[in-house]
Amino acid sequence: METAEPEGSGRSWFPPAVPGGATEVLLHACCAPCSGAVIEYLLENGVHPTVFYFNPNIYPQVEYERRKTENMRYVKSLELPFVDGDYDHAAWRERMRGLEWEPERGARCMACFRMRLYVAAQYAHVHGFTVFATTLASSRWKDLRQINRAGCEAAASFSGLVFWERNWRKGGLSERRNELIKQYGFYNQTYCGCEFGLSRMEKSL
């Protein structure tokens, strides 16, 4: 259960309650804008993240490379480890077969979270992490309940691994997110990543 946060608190008012008191976590990252404030907050509170970039949902590949490069630029500036996961969009599309016309925050998004967070959990287990988290939870466009469910399901597949359920939008982190976008000049994408989200965005213009 997540600890309640008082209204009007600053971004670092309370040290993060890391499961098991871990000081090393694997952090699945989706993009630089969503990662910036989360990584900064962890470091300020003595938690050392290894950033794991696995997002085969992103389309087209040039968009994937742009987001990865921005994320890597920020992570490397902090001298943190950055793990580049495979980009296999065809495999992602196969997993989404039959869900193409699902609405945003529906069954397709849930399947997407499950795929990405399972791979993150697998990497965490193989490389000796006991805790993993994701920056997906920092985006207001995502369903936090779906993300937490997918993360917990993934962690349950591996002995001794815990998914860190936390609302990364609280405690001033959303405001700090926007400050870091300006400070670092991050590329700030306008759609979630997949071609289905892109199509809906284009239709709304």
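Helix α1 and helix α6 cross in a right-handed way. A crossing is right-handed if the near helix is turned clockwise from the far one by less than a right angle, and left-handed if anticlockwise. Helix α1 covers residues 32-44 and helix α6 covers residues 173-184. On the α1 side, P33, C34, G36, A37, E40 and Y41 make the contact. On the α6 side, the residues are L173, R176, R177, L180 and I181. Contact means heavy atoms within 4.5 Å. By class, the contact of α1 with α6 has seven nonpolar, one polar and three charged residues. Ala, Val, Leu, Ile, Met, Phe, Trp, Tyr, Cys and Pro count as nonpolar, Asp, Glu, Lys and Arg as charged, and the others, Gly among them, as polar.

The model is predicted: local features need pLDDT of at least 70, side-chain atom pairs count only at pLDDT 80 or more, and totals for chains, interfaces and linings use all residues. Residues are numbered from 1 along each chain as its sequence is written, and side-chain values use heavy atoms, with hydrogens and water left out.

**The chain as a whole**

The chain has seven helices and five strands. From the N terminus, the order is β-α-β-α-β-α-α-β-α-β-α-α. Helices (H or I, at least four residues) and strands (E, at least two) are DSSP runs, numbered from the N terminus. The chain holds 205 residues, and 52% of them count as buried. Buried means under 20% relative accessible area, exposed over 50%, and partly exposed in between, with a 1.4 Å probe and protein chains only. Take the contacts between residues at least 6 apart in sequence: 75% join residues at least 24 apart. The chain exposes about 10,000 Å², and carbon and sulfur atoms supply 52% of that area.

**Helix pairs**

Two packed helices are described by the angle between their axes and the distance between the axes. Axes are lines fitted to C-alpha atoms, for helices over the stretch in contact, and angles run from 0 to 180 degrees between N-to-C directions.

| Helix pair | Angle | Axis distance |
|---|---|---|
| α1 and α6 | roughly 115° | within 8 Å |
| α1 and α2 | about 20° | 9 Å |
| α4 and α5 | about 40° | 8 Å |

Helix α2 spans residues 61-77. Given their angle, α1 and α2 are therefore roughly parallel. Angles under 35 degrees count as roughly parallel, over 145 as roughly antiparallel, 65 to 115 as roughly perpendicular and the rest as oblique. The crossing of α1 and α2 is right-handed. A32, S35, G36, I39 and E40 of α1 meet E70, N71, Y74 and V75 of α2. This contact of α1 with α2 divides into four nonpolar, three polar and two charged residues.

Helix α4 spans residues 107-126, and helix α5 spans residues 144-156. These two, α4 and α5, are therefore oblique to each other. Their crossing, too, is right-handed. From α4, the partners include F113, L117 and Y118. From α5, they include I147, R149 and A154.

A37 lies in helix α1. A37 counts as buried because its relative accessibility is 4%. Leaving out residues up to four places away in sequence, A37 touches L173, R176, R177 and L180. A37 and N178 are 141 residues apart along the chain, yet their C-alpha atoms are separated by 8.7 Å.

S35 is also in helix α1. S35 has 0% relative accessibility, so it counts as buried. With residues up to four places away in sequence left out, S35 touches A29, C30, N71 and T135.

Technical notes. Areas by Shrake-Rupley, 256 points an atom, 1.4 Å probe, with all protein chains shown as cover.
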